[in-house]
Amino acid sequence: MARMKFLCDVERCIDCNGCVIACKEGNNVPVGVNRRRVITINEGRPGERSVSISCMHCSDAPCIAVCPVKAIYQREDGIVLVNKDICIGCGYCFMACPFGAPQFPSGQVFGARGAMDKCTFCAGGPAETFSEKERKLYGQNRIAEGKPPLCAAMCSTKALLAGDADVISDIFRKRAFQRGSGAGAWGWDKAYGGK
Amino acid sequence: MTNSLNDIRHSKLVFMIGSNAAEAHPVAMQHVLYAKEVNNAPIIVVDPRFTKLAAKATDYVRIRPGTDTAFVMGLINQIVSNDWYDKDFVRARVAGFPEMCKVASHYTPDVVEDITGIPASEVVRIAKLMATHRPGTVVWCMGGTQHSIGSSNTRAFCILQLVLGNMGKSGGGTNIFRGHDNVQGATDMCVLSHSLPGYYGIKDGSWKHWCRVWDVDYEWIKSRFHSKEYMNKKGFTLARWYEGVNQDDKINQYTPIKALIQWGCAGNSNSMLHRVKKAMDKLELVVIVDPFAPAMCTWGEKDNVYLLPCSSQYETSGSLTSTSRQFQWRFKVVDPIYESKDDYEIMAELVKRLGFADKFYKNIKKVPEDITREICKGTLTIGYNGALPERIKKHTLNWHTFDIDTLQAKGGPCDGEYYGLPWPCWTETHPGTPILYDISKPVAKGGLPFRARFGTKITYYDGRTEDLLAAKGVANPGSQVKGGYPEFKDIVPGTNWKTDLSQKTIKEAIKRGMAPFGNARARCVVWTFPDQVPVHREPVHSPRPDLIAKYPTYNDKPDQYRVYTRFKSEQNPDLVKKFPFVIITGRMVEHMGGGAETRSNKYLSELQPHVYAEINERTANNLGIRNGQMVWIESPEGGRAKVMAKVTDRVDEHTIFLPYHFAGQFEGKSLVDRYPEGMAPYAVGEPANIVTNYGYDIITQIQATKDGLCNVKPA
């Protein structure tokens with residue numbers, strides 16, 4: 001079975017935040033909860049790079065390992081989801097996650113919080129597929145509709161890729177190959193003329 | 001835009017000057033990045049600011065604001081003097097070349113370094129890059145145009161492409177990215193004060209042409225004007241309309257302006273807003289048509305403002321013209337919500353009350369199709385005539401049958417046509433013109449020579465006479481005349497290709513394999529402009545007193561679009577002492593134009609809640625300003641804005657940058673309570689244009705918001 005992954009091509013990401021807005025509008029995410037965000041380093045200097053980050057749906061996801069109530073689980077296709085009916089809002093997953101993905105709708109770092117919210121890969125949640133409960137708690141279920149996550153679908157430069165790991169790594173490999181060719185091989189055009 | 005966004009995929013080099021496409025045109029960036037990736041094209045970004053676009057450049061060139069012409073003439077000088085120019089192209093298709101070269105020879109690398117701040121070695125290196133990577137495209141936006149010498153800047157960019165031989169070629173061209181989806185359409189309709197739709201001008205012949213199209217009596221139209229003089233006199237521009245009210249500069253009109261209708265236009269994009277605000281109170285009537293309550297409805301102290309809520313683009317339908325000159329049909333998604341009406345309905349109600357609906361709607365029974373049809377009938381100059389509503393819809397509905405690289409349909413109902421029938425689309429069977437001035441294709445298949453617009457012969461200021469038509473042997477394949485030829489006329493007696501409403505003239509030209517508008521040379525010398533060849537002139541408010549002496553601005557223009565416009569009398573070498581920083585404005589990717597819509601979106605407001613001034617770290621430390629602190633920006637015109645300091649390396653130590661999308665606060669005072677109930681945007685702040693300066697382009701009168709002066713101090 002296909003393994004779902006995200007890949008953000010930093011050579012292409014222009015920090016337009018289109019992915020963030022697509023995610024929020026499409027899934028009706030409350031203000032203050034960031035399932036996805038764009039991080040920029042070296043802003044305003046040569047070497048400035050931006051990368052769009054959300055839950056990466058890790059293999060051996062640390063959030064699953066630390067969850068004391070087994071609210072977080074991984075689907076066969078690799079997508080990591082949370083069951084909001086079970087989550088107690090303890091925040092362990094937030095501490096364990098290397099990407100800062102888990103979000104909490106209310107409260108501070110210590111004290112009472114609501115159920116954890118994070119990127120669902122636009123695959124809804126454990127509630128019945130396409131049900132009102134699923135839409136309200138988790139957002140759209142585009143995967144069940146055969147569509148890619150909104151963020152990647154709306155990416156203006158196709159920097160953010162989402163889908164079957166084999167397919168997206170092929171796309172990226174092709175880009176990397178092209179970047180290393182052409183005018184980089186100085187003089188080939190003149191010397192060999194394609195022969 | 002001579003080529004298309006997609007065509008940038010064929011560029012071997014992308015030269016972007018005065019454009020921050022990564023923020024202003026994020027979707028266009030996929031083609032730029034494709035050229036970078038697949039063609040290994042150098043991406044040269046010339047900007048005073050290290051923008052998000054600069055972050056994607058291979059070569060970033062920091063330039064002093066307002067010195068684009070000096071830099072580009074310097075590049076041209078290198079290309080010509082090193083013999084890197086396209087000799088065949090220049091010989092066959094360019095006019096005024098020796099005159100231009102003589103002017104360019106002044107701009108040696110050292111002179112360019114002194115004016116622009118770009119190291120002399122960089123001038124040589126960039127010129128060589130451009131010469132060795134052809135075809136390259138040149139892209140610019142408002143950073144190129146919003147200067148007192150904006151029209152010289154844009155001409156210099158065009159001349160650069162002519163000497164490189166990059167015009168009329170896939171991967172080349174001059175490509176000016178438009179900021180909204182229908183800006184090209186609005187431009188083509190000449191929503192301007194000096195021309196009727198289709199660039200026909202406002203002479204008697206132009207009025208008579210459109211009266212024939214509208215099927216109304218010319219005498220009746222004439223009777224609507226104060227006097228015949230005003231029918232042919234250029235009106236006030238968007239940049240300076242408020243002078244028609246305030247009269248701080250002398251106006252040339254029989255009456256001051258008494259009423260204003262601002263329709264889908266953000267008031268906070270005008271420079272010197274404190275003067276706009278003053279005009280609001282002097283007007284008898286202000287009508288604002290907008291889907292969101294815009295900034296302007298909060299400025300007046302008088303009860304003279306009417307706000308008409310119109311629908312958004314998703315609640316109406318019609319044709320538009322994109323930046324790539326492509327037509328597209330916009331289908332309605334939902335009906336207008338609340339009490340809003342679409343633009344057509346608002347216009348219809350207005351026309352009915354003004355009492356000439358019978359004449360206005362003579363050709364229009366079905367809205368909006370018949371409107372498009374009327375536009376097509378009259379706009380022959382740029383070949384709108386072939387893009388009828390049925391064809392536009394067919395393209396939009398079958399967009400998936402077109403190739404992303406060539407824009408041509410492969411099979412399907414639009415087989416062989418180019419997506420959106422890019423104008424000129426000369427006949428009802430013409431495929432559209434994907435690349436302007438491409439002489440390698442027959443005209444009937446989308447090829448085109450340069451237009452014979454300016455006569456057939458010219459004697460220049462140096463006494464040399466030149467034939468303006470293209471050289472012998474140079475014409476599109478299949479042309480009956482193998483060489484230059486003038487425009488077509490008198491096929492139908494008394495008319496020419498652009499006034500013959502039967503379109504027989506255009507069809508005849510196409511049949512002969514020729515362009516209706518002739519086959520001429522592109523000119524480097526414009527004999528009607530004050531600078532016949534582009535030269536550097538210091539900004540009206542310049543930070544370099546020494547260069548004002550060397551490169552002074554123009555003489556004042558007593559009647560520029562009905563108002564006295566100061567140039568020389570405004571240029572003061574001492575101004576920089578009190579206002580030591582250059583102020584530039586621009587866009588954020590999260591907000592759009594005046595921001596009425598985007599600042600009313602909670603998610604976009606969450607991402608960009610504040611207006612800020614970008615200040616270099618060194619400058620901030622010298623002024624005792626910390627990141628996040630509030631500061632006052634003060635303009636020489638008396639306007640001041642209280643904004644947050646953003647300490648960053650994006651700008652150099654002489655420059656201050658402000659995004660211009662904000663409103664809701666004015667010179668430190670909140671105006672939030674002045675919005676109609678529930679209409680205040682989530683993100684409010686000072687409009688940057690309170691502190692933009694006086695200064696206008698010598699030809700177009702576009703405001704010089706990209707090279708003013710200001711002062712900064714902690715608040």
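In helix H3 of chain B, the residues B:Asp68, B:Thr69, B:Val72, B:Met73, B:Leu75, B:Ile76 and B:Ile79 meet B:Ser152, B:Asn153, B:Ala156, B:Phe157, B:Ile159, B:Leu160 and B:Val163 of helix H9. Sorted by type, the residues of this contact come to 10 nonpolar, three polar and one charged. Before I go on, please keep in mind that this is a predicted model.

Staying with that pair: H3(B) covers residues 68-81 and H9(B) covers residues 150-163, and the two pack with their axes 9 Å apart, at an angle of about 15°. Angles under 35 degrees count as roughly parallel, and that is why H3(B) is described as roughly parallel to H9(B). The crossing of H3(B) past H9(B) is left-handed.

Next, strand S1 of chain B, residues 13-17. Is this strand enclosed or open? Five of its five residues are buried, so S1(B) is largely enclosed by the rest of the structure. In a regular strand, side chains alternate between the two faces of the sheet. In S1(B), B:Leu13, B:Phe15 and B:Ile17 lie on one side, B:Val14 and B:Met16 lie on the other, and both faces are covered.

Which strands does S1(B) pair with? One is strand S5 of chain B, residues 136-140, which runs parallel to S1(B) and is joined to it by five bridges. Within that pairing, B:Met16 stands opposite B:Val139. Another is strand S2 of chain B, residues 43-47, which pairs with S1(B) over four bridges, again in the parallel sense. There, B:Phe15 has B:Ile44 as its bridge partner.

Now to another sheet in chain B. Three strands make up this open sheet, in the order S7-S8-S9, with parallel pairing. The edge strands are S7(B), residues 259-263, and S9(B), residues 305-309, each of which pairs on one side only. On average, neighbouring strands here are turned by 10° against each other, direction ignored. Strand S8(B), residues 285-290, is joined to S9(B) by five bridges. One position to look at is B:Val289, which stands opposite B:Leu308 of S9(B). Helix H16 of chain B, residues 343-354, lies across S7, S8 and S9, and runs at about 160° to S7(B).

A single residue next: B:Pro516. Where is it found? B:Pro516 is in the loop of chain B between helix H20, residues 504-511, and strand S14, residues 522-523. Is B:Pro516 buried or exposed? The cut-off for buried is under 20% relative accessible area; B:Pro516 has 0%, so it is buried. Leaving out residues up to four places away in sequence, B:Pro516 touches B:Trp426, B:Glu487, B:Phe488, B:Trp497, B:Ile506, B:Ala509 and B:Ile510. For a sense of distance, B:Pro516 and B:Phe657 are 141 residues apart in sequence and 46 Å apart in space, C-alpha to C-alpha.

Last, chain A. How many helices and strands does it have? Chain A has seven helices and six strands, and from the N terminus on they run β-α-β-β-α-β-β-α-α-α-β-α-α. Chain A has 195 residues, of which 45% count as buried. Among its contacts with a separation of 6 or more, 52% come from residues 24 or more positions apart.

Notes: Residues numbered from 1 in each chain as written. Chains lettered and ligands numbered in written order. Predicted model: local features only at pLDDT ≥ 70, side-chain atom pairs only at ≥ 80, totals over all residues. Heavy atoms only, no water. Pairing = 2+ DSSP bridges. Axes fitted to C-alpha atoms, helices over the stretch in contact; angles between N-to-C directions. Contact = heavy atoms within 4.5 Å. Parallel < 35°, antiparallel > 145°, perpendicular 65-115°, else oblique. Left-handed = near helix turned anticlockwise from the far one by under 90°. Nonpolar A, V, L, I, M, F, W, Y, C, P; charged D, E, K, R; others polar. Buried < 20%, exposed > 50% of the residue type's maximum accessible area, 1.4 Å probe, protein only.
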